[in-house]
Amino acid sequence: MQFGVFSVSDITTDPTTGRTPSEAERIDAVVTIAKKAEEVGLDVFALGEHHNPPFFSSSPTTTLGYIAAQTQRLILSTATTLITTNDPVKIAEDYAMLQHLAKGRVDLMLGRGNTGPVYPWFGQDIRMGIPLAVENYALLHRLWREENVDWKGRFRTPLQSFTSTPRPLDGVPPFVWHGSIRSPEIAEQAAYYGDGFFHNNIFWPKEHTQRMVALYRERFAHYEHGTPEEAIVGLGGHVFMRRNSQDAVKEFRPYFDKAPVYGNGPSLEEFSRETPLTVGSPQQVIDRTLSFRDYVGDYQRQLFLIDHAGLPLKTVLEQLDMLGEEVVPVLRKEMSGGRPAPTHPRVEQS
Amino acid sequence: MTRIAVVSAGLSVPSSTRMLADRLAAAAVAALGPGATSEVVELRGHARDLADHLVTGFPGTSLRAAIDTVQNADGLIAVTPVFSASYSGLFKTFFDVLDREALAGRPVLMGATAGTARHSLVLEHAMRPLFSYLRALVTPTAVFAASDDWASEDLAERIRRAGEEFAGLVARSPRPAVAPDHGFVPFDQLLAGG
C-alpha cells in the first residue's frame with residue numbers, strides 16, 4: 001500500500017491574510033512539499049497539469065525531474081497528465097526520459113482535464129474528450145512497448161517507423177493510472193489494459209467513487225487480468241488536521257469557505273458529511289481513511305490533498321508531519337496485506 | 001402503476017402556483033385512471049440545496065431525493081410563477097442541475113402563474129424551448145393562470161384538456177427499463193471510434 005500527497009498547483013490568496021504567493025514562491029513551495037513528503041516517510045508525490053491561471057504546473061516533468069534529483073525514494077507521479085490535449089508521442093518521450101533520470105521512480109495518472117478552453121488552445125475539440133483519451137492512450141501504450149511503430153488515427157498525424165526515445169528504463173514502461181470522476185469509459189479503459197484506476201474521491205459524494213471502482217473491478221476481471229479484488233485501485237482524500245479536532249475546524253473554516261472549488265456553497269459540516277473531506281484530529285483522519293475500504297475494497301494507493309485553497313507552506317508542512325508521524329504508520333499497519341501497487345523493478349517496495 | 005412528478009416553483013404560502021400544480025395533477029391523475037399517483041416537489045424547500053449544487057456540482061441528500069422523484073416518474077407537471085418576463089430563477093436552477101437526459105422522451109405538462117394575463121406567452125417563449133432542449137414531449141396545451149383566471153370556468157376547462165393530453169402522452173410513452181446514464185460502451189467499440 002502506497003501513501004502520498006497530490007497537488008493541483010493552484011496559486012490561491014490566503015483568505016486569512018489576503019496575501020497571494022508569487023508563482024516563484026508557490027513553485028518553490030511545491031518542491032519543498034515533495035521533499036518533505038519523502039522526509040516524513042510518504043511514498044508518492046503527484047502533481048497536476050494545467051494550462052491556465054491560477055495554476056502554475058504546465059510542465060510537470062520539469063518539476064518532477066527537479067524533485068527526482070533531490071530525493072532518493074519518493075515515487076513521482078501526476079494528477080493528472082492530460083491525455084486529451086497532449087501529443088501522446090511527447091508524453092511517451094517526456095515520461096520515459098523522467099523515468100530514466102528518476103531511476104524508475106515514476107508513474108503517471110492520465111486524465112482529460114477540467115478546463116474547456118484547453119482543448120481549443122491545443123487545437124482539439126472538447127466534444128472529442130473520450131475519443132481523444134482512447135486513441136491517444138492506444139498510441140502511447142504501443143510507443144512504450146514496440147520499438148518501431150506504424151500508426152494512423154483520427155487525431156494525430158500518422159507515424160511510419162517511429163521509435164520513441166529514450167526507450168522505457170530496462171524495457172519496463174511507467175505504470176499508468178487512469179483517473180476519472182464519473183466517466184465509465186475511463187474505468188473501462190483502465191480495465192481493458194489492466195492498468196490502475198484512480199478516483200480522486202474528493203469534492204464529491206462517495207457514491208461516485210464506489211460506482212466507478214466497482215465497474216472498473218468487474219471489467220478488470222472481464223478482460224482476464226485477475227479477479228475483481230486484484231484490480232489496482234487508487235484513491236484521493238482531502239484532509240486538514242490539528243491535534244485537537246475543534247482547532248482543525250476553526251483554522252480550516254476560512255480556507256474552506258473561500259476555496260475555489262466548493263467555497264461559498266455548503267457549510268464545512270455539510271460538506272464533510274456529504275463528501276470524504278475530513279477536518280479534525282489525526283485519529284479522525286485515520287478512521288475516515290480506513291472507512292474508504294468499506295466502499296471500494298482493499299486498494300493500493302492513497303493520496304491526500306493538503307496544499308490547496310491558499311494554505312500557507314508552514315501549515316502544509318505541519319500537515320505532512322502529522323501524516324508521516326501519526327496517520328500513515330497506523331494506516332500502513334491496518335491496510336497491509338493487499339496486493340502492492342505495481343512499481344518499476346528498480347524501486348523497492350516499502 | 002403510473003407515477004407523475006409535479007414540480008412547483010411557487011414561493012408564497014399559500015401559493016397560486018402550487019394551486020395550479022395541484023389542479024393539473026388532479027386532472028392528469030383523473031385522466032390516467034386508477035393506479036395513477038402524483039408526488040409534488042416544492043422547489044422552495046430545496047432553494048439552498050440548489051444553490052449549493054451550482055457551487056459543488058452534486059446534490060445534497062434531500063435534493064437528490066427530489067431529483068430522483070422527477071427522474072423516475074412517468075411524466076412531469078412543471079409549474080412556475082412568472083418572474084421578470086420568464087420562469088423564476090429557482091425553477092430554472094432545478095432544470096439546470098437535472099441530468100440533461102433525464103426528461104428525454106418524457107411527457108411534460110407546463111403551467112405558469114402571474115398577476116396578469118399579459119405574461120401568458122412565457123409558456124411558449126420561455127418554458128417550451130427549455131423542455132424542447134431537454135427533448136421532453138410537451139403537451140400542445142399549456143395552462144396559464146393569471147389572478148383573474150381563478151374566477152373563470154375557462155381555466156377549469158383548460159386544465160381538464162391539458163390533463164387529458166398529458167395522460168395520452170404518458171400512456172403512449174412507457175419508461176425505458178434502464179436509466180440512460182447507466183449504460184456504457186465496451187472498449188473494442190470505444191477503440192473503433194464508437
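Reader: Where does A:A309 lie in chain A?

Author: Good place to begin! Keep in mind that this is a predicted model. A:A309 sits in the loop between β12 (301-305) and α11 of chain A.

Reader: What is the phi of A:A309?

Author: The phi of A:A309 is positive, about 65°, although this residue is not a glycine.

Reader: Which residues are joined by a cis peptide bond, and what is omega there?

Author: Let us take chain A to start with. A:P53 and A:P54 are linked by a cis peptide bond, with omega at about 10°. You can find A:P54 in the loop between β2 (44-47) and α2 (60-69) of chain A. Now turn to chain B. There a cis peptide bond links B:V13 to B:P14, and its omega is about -5°. The loop that holds B:P14 runs between β1 (2-8) and α1 (16-32) of chain B.

Reader: Which element gives the most to the lining of the second largest pocket?

Author: That is α1(A), with 4 residues. By class, the lining of this pocket has 9 nonpolar, 4 polar and 6 charged residues.

Reader: And how do I read the interface between the two chains?

Author: In general, the size of an interface is often given as the accessible area lost when the parts come together. Here, chain A and chain B bury about 1,600 Å² between them, with 69% of it on carbon and sulfur atoms. In terms of contacts, 26 residues of chain A touch 17 residues of chain B.

Reader: How many salt bridges does the rule find across the interface of chain A and chain B?

Author: The rule finds 1 salt bridge across this interface. A salt bridge joins the side chains of A:E270 and B:R48, at 3.3 Å from N to O.

Reader: Which elements of chain A give two or more residues to the side that touches chain B?

Author: They are α5 (129-143), α6 (184-193), α7 (206-222) and α9 (268-274) of chain A. The largest share, 6 residues, comes from α6(A). Sorted by class, this side of chain A has 15 nonpolar, 5 polar and 6 charged residues.

Technical notes:
Residues numbered from 1 in each chain as written. Chains lettered and ligands numbered in written order. Predicted model: local features only at pLDDT ≥ 70, side-chain atom pairs only at ≥ 80, totals over all residues. Heavy atoms only, no water. Nonpolar A, V, L, I, M, F, W, Y, C, P; charged D, E, K, R; others polar. Contact = heavy atoms within 4.5 Å. Buried area = accessible area lost by both parts, 1.4 Å probe. Salt bridge = Lys/Arg side-chain N within 4 Å of Asp/Glu carboxyl O.
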